[in-house]
Amino acid sequence: MPRLWLFVTLCFCAVAAQAGVYQCKTADGRVEYRDTPCKKGAQQLYQKDKNPPTARTKVTRSQEYKPLIGQWCNFATSLSLTGSKDLNHPAQWLFGATQLEVKTSALQIIADFTQDGDRLTVEDPRLGNYHLVMQGSDGMVMKGDYGYYFFRRGQCAP
């Protein structure tokens with residue numbers, strides 16, 4: 001009997017290890033990022049597997065990264081992509097063609113930046129550099145020096 005429980009536990013862990021990231025559009029038009037498949041009635045926009053394909057796997061889907069021009073609300077941060085999210089410190093990010101303005105309740109930073117595909121290089125060391133993990137028309141996730149940053153297009157709620 002103990003061997004059966006061990007087998008069941010190992011099978012469960014193997015399934016859990018396959019979890020990825022799902023970008024879902026809800027019925028009311030909001031974009032959500034989840035570590036489980038989209039809820040019934042939600043449209044799945046994007047899925048990124050947690051375990052990348054092996055070198056022998058042919059990847060046919062390519063992601064095109066568009067310029068980030070406009071207002072974005074950094075509504076959450078996390079140390080890992082699927083970990084718990086800190087929603088307590090939203091920041092407003094305004095991207096111009098070559099300039100970025102970041103506003104929080106405590107500070108405002110204006111810096112030059114460049115975007116090369118999925119890479120953002122910011123000229124102010126207080127902000128660091130970023131890698132676009134996922135990007136949609138209404139939301140994006142970036143990985144920075146201090147973790148993951150979750151954004152939705154538009155202004156943060158006051």
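**Confidence, fold and disulfide**

Modeller: The protein chain has a mean pLDDT of 77, and 73% of its residues reach 70 or more, where pLDDT is the predictor's confidence in each residue, from 0 to 100. This is a predicted model, in which local features need pLDDT of at least 70 and side-chain atom pairs count only at pLDDT 80 or more, while totals for chains, interfaces and linings use all residues. Residues are numbered from 1 along each chain as its sequence is written, and side-chain values use heavy atoms, with hydrogens and water left out.

Colleague: Which element has the lowest mean pLDDT?

Modeller: Helices (H or I, at least four residues) and strands (E, at least two) are DSSP runs, numbered from the N terminus. Strand 5 (residues 91-95) has the highest mean pLDDT, 95. At the other end, with a mean of 44, stands helix 1 (residues 2-17).

Colleague: Over residues 50-62, where the pLDDT is below 50, how many contacts are there beyond near neighbours in sequence?

Modeller: A contact means heavy atoms within 4.5 Å. Counted beyond near neighbours in sequence, the contacts that residues 50-62 have in the model number seven.

Colleague: In what order do the eight strands close into a barrel?

Modeller: The protein chain has one helix and 11 strands, and two strands pair if DSSP finds at least two bridges between them. Strand 4 and strand 11 run antiparallel and are joined by six bridges. The pairing in the barrel is antiparallel, and the order of its eight strands is 4-5-6-7-8-9-10-11.

Colleague: Which residue in strand 11 stands opposite C73?

Modeller: C73 lies in strand 4 (residues 70-78), and strand 4 is joined to strand 11 by six bridges. The residue of strand 11 that stands opposite C73 is R152.

Colleague: Which residue does a disulfide join to C73?

Modeller: A disulfide is a pair of cysteine sulfur atoms within 2.5 Å, and by this rule the count comes to one. The S to S distance is 2.1 Å, and the partner of C73 is C156.

Colleague: How many residues apart are C73 and C156?

Modeller: C73 is in strand 4, whereas C156 is in the segment after strand 11 (147-153). The pair therefore links distant parts of the chain, with a separation in residues of 83.

Colleague: Are C73 and C156 buried or exposed?

Modeller: Buried means under 20% relative accessible area, exposed over 50%, and partly exposed in between (1.4 Å probe, protein chains only). Of the 158 residues of the protein chain, 31% count as buried. By this definition, both C73 and C156 are buried.
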